[in-house]
Amino acid sequence: MNEESRTGSDTPTPEEPHARGERTRDELGRTVEALAAKAKADVGAQAKEKAAATKEQVAATKEQVAEKAGQASDRIRAATEQAAQLVKDKAPDPVREKAARGAAQVRGSAAVIGQYATDRAPDPLLEKAGQAAGFARAHRGPLLAGGGLLLVLLLVRRSRVRGR
């Protein structure tokens, strides 16, 4: 208690506790407001930090996935080429000749059908078909190897069925 609030005796006046309570309430209100403002600022900063960390993590994960996809693509390409070479080495000459004739026949039929489709197809469809053809040209080896393997398997199966 301060000197001004005393009336000469040690007992406070009825207004003193009330005034002290008002001061304490005002101080407490200002403290709560300051804490709330600080917490709000901290939450915003924390959210920005978390967003930046998440963005970095996504970029790192994207790079890892792209690298693994490239490696898997290389492994598949190598395995397909190896399988194609194995088929060429193991297939007897008559089978290879028959496969070559079949491939030539398919190419001829595909050319006729392609011309027919080109004449009748709408432009967006032609654009998509052009993209698919470009992909097939770019990956000709694996596609031919897969087709050759399929043809050999079908011919072997056919010869087994006839041998029964």
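This is a predicted model: local features need pLDDT of at least 70, side-chain atom pairs count only at pLDDT 80 or more; totals for chains, interfaces and linings use all residues.
Helices here (H or I, at least four residues) and strands (E, at least two) are DSSP runs, numbered from the N terminus.

Residues are numbered from 1 along each chain as its sequence is written, and side-chain values use heavy atoms, with hydrogens and water left out.

First, the overall form. The chain has four helices and zero strands, and reads α-α-α-α along the sequence. Its radius of gyration is 41 Å, well over the 15 Å that the globule rule gives for 164 residues, so the chain is more spread out than a compact globule. That radius is taken over C-alpha atoms, and the rule is 2.2 Å times the number of residues to the power 0.38. Along the principal axes, the C-alpha trace spans about 130 × 40 × 30 Å.

Next, the surface. Accessible areas come from the Shrake-Rupley method with a 1.4 Å probe, and for residues only the protein chains shown count as cover. The total for the chain is about 14,000 Å², with 59% belonging to carbon and sulfur atoms. I call a residue buried under 20% relative accessible area, exposed over 50%, and partly exposed in between (1.4 Å probe, protein chains only). Of the 164 residues, 6% count as buried.

Now the salt bridges. Side chains of opposite charge can pair when their charged atoms come close. The criterion is a side-chain nitrogen of Lys or Arg within 4 Å of a carboxyl oxygen of Asp or Glu. How many salt bridges does a search of the whole structure find? It finds three.

Glutamate 22 pairs with arginine 25, with the closest N and O atoms 2.6 Å apart. Both residues lie in helix 1 (residues 15–90), three residues apart, about one turn of the helix. Glutamate 22 is partly exposed because its relative accessibility is 31%; arginine 25, at 55%, counts as exposed.

Aspartate 74 and arginine 77 form a salt bridge at 3.5 Å, N to O. Why are aspartate 74 and arginine 77 separated by about one helical turn? Because they are three residues apart in helix 1. Aspartate 74 is partly exposed at 47%, and arginine 77 is partly exposed at 31%.

In helix 2, arginine 96 and aspartate 93 are three residues apart, and therefore separated by about one helical turn. Their side chains meet in a salt bridge at 2.9 Å, N to O. Arginine 96 has a relative accessible area of 39% and aspartate 93 has 47%, so arginine 96 is partly exposed and aspartate 93 is too.

Patches are made of residues with over 30% relative accessible area and no salt bridge; like charges are joined within 9 Å, and nonpolar side chains (Val, Leu, Ile, Met, Phe, Trp, Tyr) within 5 Å. Lys and Arg count as positive, Asp and Glu as negative; His and the chain ends are not counted. A charge is placed at NZ of Lys, CZ of Arg, CG of Asp or CD of Glu.

Lys98, Arg101, Arg158 and Arg162 gather in a positive patch on the surface. Which helices each supply at least two residues of the patch? Helix 2 (93–120) and helix 4 (140–163) do. Arginine 158 is in helix 4 and, at 42% relative accessibility, counts as partly exposed. Over the chain, the mean positions of the 29 positive and 22 negative charges are 24 Å apart.
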